[in-house]
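Have a look at the sequence and the structure below. Then read on for a short tour.

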Protein chains: 2
Amino acid sequence: MAEQKKMVEAITPMEEDFAQWYTDIVKKAELMDYSSVRGCMVIEPYGWAIWENIRDYLDARFKELGHENVSMPLFIPESLLNKEKEHVQGFAPEVAWVTTGGSEKLPERLCVRPTSETLFCEHYARVIHSWRDLPKLYNQWCSVVRWEKTTRPFLRSVEFHWQEGHTMHETEEDARAETLRMLDVYADFCEKQLAIPVLRGQKTESEKFAGAVATYTIEAMMHDGKALQSGTSHYFGDGFARAFNVTFQGRDNSLCHPFQTSWGMSTRIIGGIIMTHGDDSGLVLPPAVAPIQVMIVPVAQHKPGVLDKAKEIETRLKQRFRVKTDDSDQSPGWKFAQYEMKGVPLRLEIGPKDIEKNQCVLVRRTDREKVFVPLDNLEDAVAEQLERVRNDMYEKALKNREGKTYEAKSLDEMKEIADSKPGFIRAMWCGDPACEEKLKEVAGVSSRCIPFGHEHEHGACVCCGKPAEKLVYWGKAY
Amino acid sequence: MAEQKKMVEAITPMEEDFAQWYTDIVKKAELMDYSSVRGCMVIEPYGWAIWENIRDYLDARFKELGHENVSMPLFIPESLLNKEKEHVQGFAPEVAWVTTGGSEKLPERLCVRPTSETLFCEHYARVIHSWRDLPKLYNQWCSVVRWEKTTRPFLRSVEFHWQEGHTMHETEEDARAETLRMLDVYADFCEKQLAIPVLRGQKTESEKFAGAVATYTIEAMMHDGKALQSGTSHYFGDGFARAFNVTFQGRDNSLCHPFQTSWGMSTRIIGGIIMTHGDDSGLVLPPAVAPIQVMIVPVAQHKPGVLDKAKEIETRLKQRFRVKTDDSDQSPGWKFAQYEMKGVPLRLEIGPKDIEKNQCVLVRRTDREKVFVPLDNLEDAVAEQLERVRNDMYEKALKNREGKTYEAKSLDEMKEIADSKPGFIRAMWCGDPACEEKLKEVAGVSSRCIPFGHEHEHGACVCCGKPAEKLVYWGKAY
């Protein structure tokens, strides 16, 4: 127990310093390591395994919906980036430029892709000819680079991993439907798999993606009340298609421009998992993406039969779950603390007395409740407990969000809440960017989204008091 | 049939111009597209799906052997690259340099990783402390950049995708064993899954990896007799560990340097698949990595019941195989040619007469033989035919290699063979780099490898006539 205590003490408590608690977790749970490249991190095996599980789930879902994976170049020539004006204005200030290849200065600078709309458009211009070629539903898994000044592991890094879907459609209607369909894929993934409740809604004009007609977002609330934009989906109209001369022969033989979308989710979501579910004992991982779903800890493992039984259970459970046994010579107490730190959803203890009774003990990471289960039906009991863990995680996160969501009717009220109670603030907005800007200056909050179904309400703008139709969630964000 | 002919005519015959045949295939089979970034390509869905299958197979094999995936930064600071002298000399001339981030000139240039030994070593120095931390068996899937002057799709590109395994071991013996074990993984994969026979052997000093103590290779022969280095595995000794100050406390408490390996296979192997197996009708894909293993082509599909039966068969086969149905309004002849071009291993034809007889027709891509099989046992028949396709591919490739492997006893003989008969030339070598250099100059061949088991023979050097112990395979290479 001394060792267990020692480990727990090694993390800064959340309430004391949330930022330090976060930094402690990413290191102590062995998710990442810093590198000598500013803002670029080493994602260690345990962290990368979480991303692989996220990727495998989303990738299968994308493919079910007809998307195909491709690989675009890592570089974008400066002239290509320059083709769409709003886009280049948004991204040019934050890209890394390759200017030398081998020992030669390049005739044209290449930026390391910050996002790949331009590359996809260039390719689409070559492969789309007829309405029969549409829709094109492409996606790629890769890393991108944005020259951020201040970085934090997973949340904001110079290089980060993501998937970027880029699709082209025959009609505006199809493209708009795709944009929302993919937002729903992200929202369902967050809620059902990651146990993170999210708000679905539209970004305001000033918060949308550079070059997009409309940006949709899912917004999650972290334990500390701050918002995390967790996935975005953009509708582009035919703006990029016009800039890149992507055309197709329509059903009536006329020359048309296709309508475009893009959507992405990144390793940022790992930061979201940490800050939604973690506690003072460490990480708490949603079973769907946990690299180890069940950790078997033999108790009194030197006694005859214990390790054999543990291995037998591991072999059985491996058919359905990601499971490991720790038969190292560390004490059970040390192991308990270690796998709590790593956020393993379920611990399975098995000792001589359990074997006598043909049972084992399951301990949920969420509430540490011990459940004695007969070995005969173990698989179903494990599935049930993992489901319970997920549900408890979701309920706890939802409660946190509900408890930290406030209403404001005036700028003073808004400022008072923002200063004293971190969370989401619901308030009406007239649609004027000047009011949005003022709220940022005065109350320090940005608009997170206009949630679906609240675009046409009746009220008064929280800032200027003029008639307002849109309900907006405001908050401080990562 | 007119359409079919038209498509076949569109590829340059191999015997007429092998290079053009290759270029035609990568485009017409829709594996890749050129981009406006010199030497970087767009890998299209069909090409990327092949790579995903390669990745999934190798990744599972690596994990079985205890390897873990990680992600290292995309960039290497110049000072880090400079730490190991031989390594930097080998790579510095061919890297892309990032010199500007956003609008600021960087205080230190960053190269886009050409390979990641330096990054792994930097990380290993931080996480390896004791012999208990060893071995570290890490791998990453990523793309790397080498500033090649002349590029060809898949074979040599500025950016290419690969996996790079980097491991650290307690003893030289362990590290050497790992180096050879991973070479065997590559060789088995090529031979059993890709149906590409390979020679396993060691590279000469002048052909080894920059900074390695020993480089091992698998060498395949392409249809035109040229060699393709298809995978390499390097033993580093403790040279990098010393340069990067990677140390651990040994079992006897002394401070030690670990012993290191790295090994990689890249998208180059897709070029190898094309040039080993392809023919004048297009690509021929090994069933293990073919995105579509069975293409169902309904015959007289407008007749009642045909499409239903085709779909029913597809549903059945999907349980075990990657299968698709083409029910488009193109003619069967067009479809036959199309999927031959795309190298689909097995075509399944089903028409009204077949349905009457409760059978279908399987046509192998390799020899276009028609096999009538009863529908009752279709799954097993398909498995059997796919296995037959693999075996035929392997035998054909092996025969090509055997038929194009020659022996040379003198420099004149070597030159004569090299000038007139493309292929491998077996010849003894004294070990002097000057002789190796002379063979390159005079006969235009490079040493491909010293095959295992032929390091200690007795003979005379093909170049200088002095006593020679090593048998070497020589050839022209991609």
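This report goes from the pair of chains to a sheet, a helix and a single residue.

## Two copies

This is a predicted model. Two copies of a chain are related by a rotation about an axis and a shift along it.

Strands of a sheet pair through backbone hydrogen bonds, either parallel or antiparallel. Chain B has an open sheet of eleven strands with mixed pairing. Their order is β3-β7-β8-β14-β11-β10-β9-β22-β25-β21-β20. At the edges stand β3 (68-69) and β20 of chain B. Each has a single partner strand, so one side of each is left without a neighbour in the sheet.

Now take one pair of strands. In chain B, β10 (residues 214-221) and β11 (residues 227-237) run antiparallel, joined by eight bridges. Within this pair, Tyr216(B) stands opposite Ser233(B) in β11(B). A helix also packs on the sheet: α13 (residues 378-403) of chain B. Helix α13 touches β9 (198-202), β10, β20 and β21 of chain B. Its direction makes about 25° with that of β20(B).

Helix α14 of chain B spans residues 411-420. Its buried residues are Leu411(B), Met414(B), Ile417(B) and Ala418(B). Seen down the axis of α14(B), they fall within an arc of 130°, so they line one face of the helix.

What do these buried residues pack against? Their partners in chain B are β20 (405-407), β21 (424-429), α15 (433-443) and β25 (470-475). The face of α14(B) turned away from the buried side carries exposed residues: Asp412(B), Glu416(B) and Asp419(B).

## A serine in a loop

Ser130(B) lies in the loop between α6 (117-127) and β7 (136-145) of chain B. Is Ser130(B) buried or exposed? Its relative accessible area is 16%. Buried means under 20%, so Ser130(B) counts as buried.

The side chain of Ser130(B) reaches the backbone nitrogen of Arg132(B) at 2.8 Å. Leaving aside residues up to four places away in sequence, Ser130(B) touches Phe248(B) and Gln249(B).

Notes:
Residues are numbered from 1 along each chain as its sequence is written. Chains are lettered from A and ligands numbered from 1 in the order in which they are written. This is a predicted model: local features need pLDDT of at least 70, side-chain atom pairs count only at pLDDT 80 or more; totals for chains, interfaces and linings use all residues. Side-chain values use heavy atoms; hydrogens and water are left out. Buried means under 20% relative accessible area, exposed over 50%, partly exposed in between (1.4 Å probe, protein chains only). Helices (H or I, at least four residues) and strands (E, at least two) are DSSP runs, numbered from the N terminus. The arc is that of the directions from the helix axis to the C-beta atoms. Contact means heavy atoms within 4.5 Å. A polar contact is a pair of N or O atoms within 3.5 Å; within protein, one must be able to donate a hydrogen and the other to accept it, and residues adjacent in sequence count only if both atoms are side-chain atoms. Two strands pair if DSSP finds at least two bridges between them. Axes are lines fitted to C-alpha atoms, for helices over the stretch in contact, and angles run from 0 to 180 degrees between N-to-C directions.
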